[in-house]
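Work through the exercises below with the coordinates open. Each task is followed by a stepwise solution.

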Amino acid sequence: MTENDILAAFAEIVYDVARIDPTLVTPEKRFVDDFDIDSLSMVEIATAAEDKFGVSIPDSALSDLKTVGDAVNFIAKAGVAA
Amino acid sequence: MTVRDVVVTGMGATTPLAGTLPATWEALLAGVSGARPIEAPWAAELPVHFAASAAEEPSVRLDELTARTLDRGQQFAVVAADEAWADAGTPAVDPERLAVVVSTGIGGLNTLLDQYDVMRERGARRVSPHTVPRIMPNGPAAAVGLRLRAQAGVHSPVSACASGAEGIALGLDLIRAGRADVVVCGGAEAVIHPLPMAAFASMRALSVRNDAPEAASRPFDKQRDGFVLGEGAAVLVLESAEHAAARGRKPYARLAGAGITNDSHHVAAPDPSGAGAGRAMTLALRDAGLSPQDVLHVNAHATSTPAGDVAESLAIRSAFGAHAEALAVTATKSCTGHLLGAAGALEAALTILTMRDGVVPAVRNLDDPDDDVALDVVRVEPRRMTIRAALSNSFGFGGHNVALTIVEAA
């Protein structure tokens with residue numbers, strides 16, 4: 001799975017949870033400042049991403065994921081099956 | 001200090017009859033029933049498989065994200081509050097002088113039970129982080145408060161099926177005490193779900209007239225056998241008379257008084273003498289500075305249970321004495337079903353519309369009035385009459401009794 005594939009799949013999750021248009025979900029976007037996503041919805045996004053990508057996102061890592069790019073990189077490094 | 005007059009300047013509701021208050025009122029006058037079979041497969045397993053479900057899904061009036069993060073009861077509350085707020089002309093009010101009192105009888109049970117299923121099937125980590133804000137009994141109040149940016153205080157008194165009326169009584173107190181100028185108050189409920197349906201049925205509180213849901217809610221009728229569970233919300237905008245006058249708003253009516261008592265008799269059964277409920281009515285009249293003879297109409301709590309309706313008729317007689325026979329009594333749950341924590345707010349709104357239009361809705365299904373009910377209950381067709389003052393009664397498990405006095409606007 002390429003980072004672009006991960007981004008596309010991640011954008012679907014962000015749409016499901018926060019109703020953000022997937023075309024706006026690009027790597028530089030910040031969850032709080034750009035999308036107004038609160039901490040509860042971030043937990044939802046993380047658990048949905050765990051299910052979708054088969055990775056584990058510990059709470060300690062979640063707080064460091066400020067942008068869409070942070071999340072995509074984390075998922076890629078966490079070893080999504082290529 | 002003079003007591004501040006409190007007026008009603010806006011109203012909204014989403015009910016088993018319609019998605020708005022005006023459409024609910026129209027359906028009520030036409031004698032429509034909101035009771036219908038529950039199509040979901042789980043209903044077949046229950047002793048009762050019908051309910052007065054909402055006529056309109058609340059999500060159709062909300063943006064997707066709002067709908068997604070709120071429990072169904074919160075959705076109803078927000079829809080009714082939006083309607084009431086617009087109906088009041090979206091008052092310009094200092095947020096620190098705007099309060100919210102939205103009650104529920106039970107809280108976010110759909111979310112609670114659905115998330116319990118999620119936990120059992122998929123594990124604790126899959127439980128939604130939105131669960132707590134959705135299930136807390138103050139959830140509907142909090143959702144409305146956030147939407148309107150109310151900062152004077154957001155409250156949710158809980159007294160089972162009297163909750164909505166008690167919320168309005170608290171709103172009255174907040175304005176009288178000078179703690180707010182505008183209070184958005186009411187009730188919301190959404191518990192048409194297998195567990196509460198089974199639980200109310202176990203109490204033998206629900207009608208089991210499965211073959212004819214529309215005939216099941218029949219307050220004061222000899223053949224009544226329990227209430228019909230409803231869902232929805234109703235919200236009123238209360239305002240100090242000065243505040244409404246300053247912005248040139250003509251009120252619907254004046255909320256002139258409230259009476260709150262407790263039976264102290266049994267957790268679920270009404271005191272058969274109706275003494276506590278009668279005292280609530282007496283206090284509501286006294287609070288409004290009225291004598292029994294000033295009132296011509298009562299919107300009864302009358303849920304269609306065998307014990308409750310007779311106890312209420314005795315209570316009305318104890319509060320009004322011989323004048324009870326001059327009252328035109330109605331029981332709107334015959335059409336709407338019983339909206340539990342929203343019922344008191346809905347019936348306050350319907351009482352106000354009864355006065356505005358000078359027409360008392362007829363009790364549906366009252367084919368053979370109970371001989372033990374010595375009241376003039378309006379049946380067959382609505383009755384035209386001029387009403388300057390009326391009471392709306394609400395009672396709840398726990399022995400709660402609330403009566404609200406509504407008087408025509410000056």
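## Exercise 1: The domain interface

Task: state how many residues of domain 1 of chain B are in contact with domain 2 of chain B, then characterise the interface.

Solution. 
- Step 1. 60 residues of domain 1 of chain B are in contact with 59 residues of domain 2 of chain B. Contact means heavy atoms within 4.5 Å.
- Step 2. Domain 1 of chain B covers 6–246 and domain 2 covers 257–405. Such bounds come from an automatic or database domain assignment.
- Step 3. Keep the conventions in mind. This is a predicted model, in which local features need pLDDT of at least 70, side-chain atom pairs count only at pLDDT 80 or more, and totals for chains, interfaces and linings use all residues. Residues are numbered from 1 along each chain as its sequence is written, chains are lettered from A and ligands numbered from 1 in the order in which they are written, and side-chain values use heavy atoms, with hydrogens and water left out.
- Step 4. Take the distance. The centres of the two domains of chain B, over C-alpha atoms, are 20 Å apart.
- Step 5. Take the area. About 4,700 Å² is buried between domain 1 and domain 2 of chain B, and carbon and sulfur atoms give 68% of it. Buried area is the accessible area (1.4 Å probe) that two parts lose on being put together, summed over both.
- Step 6. Count the polar terms. The rule finds 7 salt bridges across this domain interface. A salt bridge is a side-chain nitrogen of Lys or Arg within 4 Å of a carboxyl oxygen of Asp or Glu. There are also 26 residue pairs in polar contact between the two domains of chain B (both at pLDDT 80 or more). A polar contact is a pair of N or O atoms within 3.5 Å; within protein, one must be able to donate a hydrogen and the other to accept it, and residues adjacent in sequence count only if both atoms are side-chain atoms.
- Step 7. Find the main contributor. H7(B) gives the most to the domain 1 side of chain B that touches domain 2, with 8 residues. Helices (H or I, at least four residues) and strands (E, at least two) are DSSP runs, numbered from the N terminus.

## Exercise 2: Chain A against chain B

Task: describe the chain interface and say which residues one salt-bridge network joins.

Solution. 
- Step 1. 10 residues of chain B are in contact with 13 residues of chain A.
- Step 2. The two chains bury about 1,100 Å² between them, 43% of it on carbon and sulfur atoms.
- Step 3. The rule finds 6 salt bridges across the interface of chain B and chain A. One of them joins Arg68(B) and Glu44(A) (3.1 Å, N to O).
- Step 4. Glu50(A) forms a salt bridge with Arg126(B), with the closest N and O atoms 3.6 Å apart. Glu50(A) counts as buried, because its relative accessibility is 8%.
- Step 5. Through shared partners, salt bridges join Glu50(A), Asp51(A), Arg122(B), Arg125(B) and Arg126(B) into one network.

## Exercise 3: A buried serine

Task: is Ser217(B) buried or exposed, and what does its side chain reach?

Solution. 
- Step 1. Ser217(B) sits in the loop between helix H8 (194–202) and S7 of chain B.
- Step 2. With 5% relative accessibility, Ser217(B) counts as buried.
- Step 3. The side chain of Ser217(B) reaches the backbone oxygen of Lys333(B) at 2.8 Å.

Conventions
Buried < 20%, exposed > 50% of the residue type's maximum accessible area, 1.4 Å probe, protein only.
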